Amino acid sequence: MDHLKSRKLKNLVAMTLATLCAAAGLALLFVILYDVLVEGLGALKLRLFTQDPAPPNLADAGGLRGAFLGQGLLTLVAAAVGVPAGVMGGTFLAEYGRNSRICRLISALSDMAVSIPSIVIGAFAYAVLVKPMGGFNGWAGAAALAIIILPIILRTTEEMLNIVPWELREAAFALGAPQHKVIIGIVWRSAKSGLFTGALLAIARVAGETAPLLFTSFNSNFFKLNLSEAVPSITVSIYQYAASPYESWTEMAWAAAFVVTVFVLLLNLVGRAALKFKKVG
Amino acid sequence: MEDLLEVKNLSFFYGADQALKDVTLPIRKNSITSLIGPSGCGKTTLLRCFNRMHDLYPKNRYAGEILMAGRNILSDGVDVLKLRNAMGMVFQKPTPFPMSVFDNVAYGLRLKSVRNMSALREKVEKALRQAAVWDEVKDRLHRNAAGLSGGQQQRLVIARTLAVEPKVILFDESTSALDPISAKKIEELMAELKKEVTIVAVTHNMQQAARISDYTALMYLGSLVEFDETGVIFTKPKHKMTEDYVTGRFG
Ligand SMILES: Nc1ncnc2c1ncn2[C@@H]1O[C@H](COP(=O)(O)OP(=O)(O)OP(=O)(O)O)[C@@H](O)[C@H]1O
Ligand SMILES: [Mg+2]
């Protein structure tokens with residue numbers, strides 16, 4: 001009985017601690033969300049999306065339309081490169097590289113790459129794509145984001161494909177299908193909602209990034225989407241506006257933060273919903 | 001009856017592990033041959049030699065021959081994709097592809113570049129009828145195959161295999177994961193199908209082997225113990241081990 005009692009006690013302590021930690025994390029998240037919601041919603045004005053930046057002393061003027069578009073463009077370019085490359089790489093690891101030592105190494109390295117701080121990746125892009133090119137440019141920003149996306153997609157793809165039962169592939173092989181047709185027609189198709197979710201979550205992960213853009217595409221006040229120059233960025237604008245002494249700018253930073261947060265949350269929700277949807281359909 | 005396939009001194013190795021030892025047996029045309037034997041004796045391994053499924057994994061190695069029309073299907077020059085087209089395989093668990101019922105059955109046909117829609121429709125219907133599942137799926141051809149019952153899925157898989165008009169169908173315990181009624185349907189189907197194809201079936205169910213098969217091969221530890229007409233194997237086998245096994249005193 002003593003043994004049982006001590007086990008119950010341990011269980012209680014562990015449960016309490018775990019619950020408290022989870023509660024603390026959640027509480028913090030909600031405080032942040034609450035702050036962003038209240039401050040951001042209060043400051044949200046239509047001109048945020050329709051106007052270009054204005055000097056802080058002008059009342060009721062100025063927006064960040066270019067920054068939203070610029071950020072969207074960088075994210076899109078990064079996704080257009082990073083998602084297909086990641087899916088291809090992950091497919092190679094899962095389908096061709098099973099049991100191969102080099103592939104296991106690549107998997108392990110990608111796991112590590114996922115946890116590299118994004119500012120380090122920004123610094124890397126600065127060294128190879130900004131300095132040699134002579135200045136901030138959008139390509140470097142998109143490349144930094146793509147480098148962040150790549151290992152995430154690679155690993156989720158590998159995991160999603162590993163879930164597909166091996167027998168399903170064999171059934172297709174047994175009909176005389178060549179391997180590339182098995183992969184495209186059977187394996188990808190089976191995993192498609194997982195791959196879609198993985199892509200959305202990876203995009204959500206970089207859509208709100210600031211650090212990798214600070215040294216690469218930086219920011220611009222002009223409504224101009226040219227990837228060979230500095231590109232307007234909403235997150236870098238938030239960073240600059242929030243740190244400014246002007247109330248009109250800090251308000252705008254809150255409003256922009258609100259929009260970015262909602263967008264990223266939505267992407268996450270859609271991504272997760274897609275996974276659930278699969279189980280029903 | 002004529003031999004469609006002739007397994008001659010076949011050995012098989014998973015890397016260094018020998019799983020088949022010098023197996024020799026004929027597979028007669030338009031008949032059902034059952035492979036029986038205790039778990040791990042090499043039934044699946046032998047079955048998967050016929051469609052060279054083992055080629056998918058590195059380090060697997062065959063020795064010996066499987067002759068089909070005088071040609072060794074294990075030799076290097078053989079077009080494995082074509083061979084697999086001629087050797088359908090049905091697994092233990094149903095393996096519907098994540099697509100509609102129609103597309104499942106059309107999968108192998110499309111691999112063979114049948115594109116004409118009316119030809120596809122015709123062949124799909126024929127295969128589904130042959131597999132005795134047409135009536136149950138004809139109103140849901142364009143819905144996902146995952147929605148069918150396990151027994152229907154298994155017959156769908158058989159239809160998918162039949163659609164490409166194979167010479168042989170290999171069944172690996174294909175009724176063991178099904179309810180008795182579905183299993184019975186598939187058994188009856190196999191008996192019907194042997195008019196057109198040759199069947200090799202792995203089974204753990206002695207009654208099933210006795211009921212449906214024309215020939216039975218008993219394997220043990222990678223070797224063939226006895227091959228004969230099913231009646232002989234179950235009533236007056238030559239080997240003591242066969243008698244013990246089929247009467248359930250062994251294994
Ligand atoms: N992929 C593999 N790698 C190495 N050894 C294997 C592999 N598959 C099977 N074996 C071994 O080969 C032998 C024969 O296995 P096989 O699967 O052919 O048996 P089986 O007669 O089909 O058994 P069961 O009735 O349980 O399905 C067993 O000893 C098994 O452990
Ligand atoms: Mg087996």
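Visitor: How many salt bridges are counted over all chains of this structure?

Guide: The model is a predicted one, and the count over all chains comes to 23 salt bridges. The rule asks for a side-chain nitrogen of Lys or Arg within 4 Å of a carboxyl oxygen of Asp or Glu. One case lies inside chain A, where A:Arg169 and A:Glu95 form such a pair, with the closest N and O atoms 2.6 Å apart.

Visitor: Which parts of the chain does the pair of A:Arg169 and A:Glu95 link?

Guide: The pair connects distant parts of chain A: A:Arg169 belongs to helix H7 (residues 166-174), A:Glu95 belongs to helix H3 (residues 65-96), and the two residues are 74 residues apart.

Visitor: How many helices and how many strands does chain A contain?

Guide: Chain A has twelve helices and zero strands. Its pattern along the sequence is accordingly written α-α-α-α-α-α-α-α-α-α-α-α. The C-alpha trace of chain A spans about 70 × 60 × 40 Å along its principal axes.

Visitor: Which residues form the salt bridge across the interface?

Guide: The rule finds one salt bridge between chain B and chain A. The partners are A:Glu170 and B:Arg48, whose closest N and O atoms are 2.7 Å apart. Three residue pairs are in polar contact between the two chains.

Visitor: In what order do the six strands of the open sheet in chain B stand?

Guide: In this sheet of chain B the order is S6-S7-S8-S3-S9-S10, with mixed pairing. S6 and strand S10 (223-229) of chain B are at the edges with a single partner strand each, so one side of each has no neighbour in the sheet. On average, neighbouring strands are turned by 15° against each other, direction ignored. Within the sheet, strand S3 (residues 32-36) and strand S9 (residues 215-220) of chain B pair in the parallel sense over four bridges. B:Thr33 stands opposite B:Tyr215 of S9(B).

Visitor: What is the order of the open sheet of four strands in chain B?

Guide: That sheet of chain B has the order S2-S1-S4-S5 and antiparallel pairing. Its edges are S2 and strand S5 (71-72) of chain B; each has a single partner strand, so one side of each is left without a neighbour in the sheet.

Visitor: Where is the hairpin in chain B, and which residue in the turn has a positive phi?

Guide: The hairpin is formed by S1(B) and S2(B) with two residues between them, and B:Gly15 in the turn has a positive phi of about 60°. Strand S1 (residues 3-14) and strand S2 (residues 17-28) of chain B run antiparallel and are joined by eight bridges. B:Tyr14 stands opposite B:Asp17 of S2(B). Elsewhere in this sheet, strand S4 (residues 60-68) of chain B pairs with S5(B) over two bridges in the antiparallel sense, and B:Leu67 stands opposite B:Asn72 of S5(B).

Notes:
Residues are numbered from 1 along each chain as its sequence is written. Chains are lettered from A and ligands numbered from 1 in the order in which they are written. This is a predicted model: local features need pLDDT of at least 70, side-chain atom pairs count only at pLDDT 80 or more; totals for chains, interfaces and linings use all residues. Side-chain values use heavy atoms; hydrogens and water are left out. A polar contact is a pair of N or O atoms within 3.5 Å; within protein, one must be able to donate a hydrogen and the other to accept it, and residues adjacent in sequence count only if both atoms are side-chain atoms. Two strands pair if DSSP finds at least two bridges between them. Axes are lines fitted to C-alpha atoms, for helices over the stretch in contact, and angles run from 0 to 180 degrees between N-to-C directions.
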